[in-house]
Amino acid sequence: MSAEGQTSTSAVAAPAPPPLLREARFEDYPQIYRLESTFFDDSLPPAERQSLFVDNPLWPRLRDTWPIGWVLENADGQIVGSVNNIPSSYQFAGEELICGNGHCWAVLDGYRGYATMLMDEYFSQVGPDLLISSKVGADAAPIWSAYAHRVPVGDWSTAAYTITHYASFARAALARKGVPLARALALPAAAALRLKDAVAAKALPDGPRDVEFREVDGFDARFDAFWHELVAQDPNRLTGVRDAATLRWHYGIPLRRGRVWVVAALRDGLLRGYCVLKKHHRPPDVSSMKIVDFQTLEPGSDLLAGLLKPALRRSAAENCSFIEHHGVGLPKLASFEAIAPYRAPKPSWSFFYYTDNAALEGRLADPDVWDPSEYDGDSAYK
């Protein structure tokens, strides 16, 4: 849950009267946008936020029963807290599971004592089969830890990354450390980093000779065929639906903003694997690429290595400082981790799941059931 879940760290005011907890409505979105913008610099404007529901392939089935989230409303009618609840679909053991993805838990100062009311409501809802968040921030980690389980595959308290544009990376690193004359010192620092990586870093192996690796525009019918084959290949793995319509919805906002790259592995025109990366901007004026998802129909071949080569080239060409993946120790990402020598600790574990179905909970404790990525949860919606 992108609970980044922040509240301000300013002095705590006198306790406010208890706010009203109620389901959110689309007409609340202007107020929710203003509330979230207090804490998040990438809060979604009302029209884009509403598209996460009305453009969702599940929405025609769920719109009459699914809560889009919850708000805290004070006596003056002001929304002082909110959390969003976005539905997504999974396949597991031949059945559909409906998942609730929480998004942006935010509460104003003066109402912090009531913040858990929102999360209690989220965890007690009866519609979803499970809840998943791959973006739990440090403020939200305690409540997720109390209710939910850590995903049992990978280390989701660490990120791996490789530098793709040394000058911009060095300039940002020096500026963040408060080094005087950071811009002037960036070039020699970049040269030193480049030399270090040239000596120590491993090269990506070539992909299979009969496979073409290239960027594609969006998600077409080839992704439908890929999805059906992927599910048939391993039906007992929990897998978020990735047909073309769902992918277009899931990545719709960053696609429209030009922030998503899709690199495909094609053999005789058929899709055999793909990698989705999303451009991310950080202060001060730093861009990076994040690996959001990698899927393959040929686990015995190293398609990821071939997919990464055009991604690395484009990242450097667009002055992106680095390519990263949040979470390490995932076997299918071994090619990336081999060329990504840097590790960055995160404030807390970020990937959790919850279900109130005891039988499903027992099955999800098995690491072999999982193929986690940041496609799960709300990490790729914006």
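Colleague: Where is D28 found?

Modeller: D28 sits in the loop between β1 (20–23) and α1 (29–37). Please keep in mind that this is a predicted model.

Colleague: Is D28 buried or exposed?

Modeller: D28 counts as buried, because its relative accessibility is 5% and the cut-off for buried is under 20%.

Colleague: What does the side chain of D28 reach?

Modeller: The side chain of D28 comes to 2.7 Å from the backbone nitrogen of R25. Leaving out residues up to four places away in sequence, D28 touches R22, E23, V71 and I79.

Colleague: Let us turn to the sheet. In what order do the seven strands stand?

Modeller: The order is β8-β10-β11-β12-β13-β7-β14, in an open sheet with mixed pairing. β8 (212–216) and β14 (342–345) are at the edges with a single partner strand each, so one side of each has no neighbour in the sheet. On average, neighbouring strands are turned by 30° against each other, direction ignored.

Colleague: How many bridges join β12 to β13?

Modeller: Three bridges join β12 (residues 286–296) to β13 (residues 322–328), and the two strands run parallel. For S288, the bridge partner in β13 is F322.

Colleague: Which strands does helix α8 lie across?

Modeller: Helix α8 (residues 221–233) lies across β8, β10 (260–267), β11 (270–282) and β12. Its angle to β11 is about 105°.

Colleague: And which strand holds W156?

Modeller: W156 belongs to strand β7 (residues 155–163). W156 counts as buried because its relative accessibility is 0%.

Colleague: What does W156 touch?

Modeller: Not counting residues up to four places away in sequence, its contacts include H325, H326 and G327, as well as W349, S350 and F351. S350 is 194 residues away along the chain, yet the C-alpha atoms of W156 and S350 are separated by 5.7 Å. The side chain of W156 also reaches the backbone oxygen of V153 at 2.7 Å.

Colleague: A last topic, the backbone. What is phi of A93?

Modeller: Phi of A93 is near 55°, which is positive although A93 is a residue other than glycine. Most residues other than glycine have a negative phi. A93 is in the loop between β3 (79–92) and β4 (95–107), and A93 is partly exposed at 30% relative accessible area.

Colleague: Where does C104 lie, and what is its phi?

Modeller: C104 lies in strand β4, and its phi is near 55°, again a positive value in a residue other than glycine. C104 is buried, with a relative accessible area of 0%.

Key. Residues numbered from 1 in each chain as written. Predicted model: local features only at pLDDT ≥ 70, side-chain atom pairs only at ≥ 80, totals over all residues. Heavy atoms only, no water. Pairing = 2+ DSSP bridges. Helix = DSSP H or I, 4+ residues; strand = E, 2+ residues; numbered from the N terminus. Axes fitted to C-alpha atoms, helices over the stretch in contact; angles between N-to-C directions. Contact = heavy atoms within 4.5 Å. Buried < 20%, exposed > 50% of the residue type's maximum accessible area, 1.4 Å probe, protein only. Polar contact = N/O pair within 3.5 Å; in protein donor to acceptor, adjacent residues only side chain to side chain.
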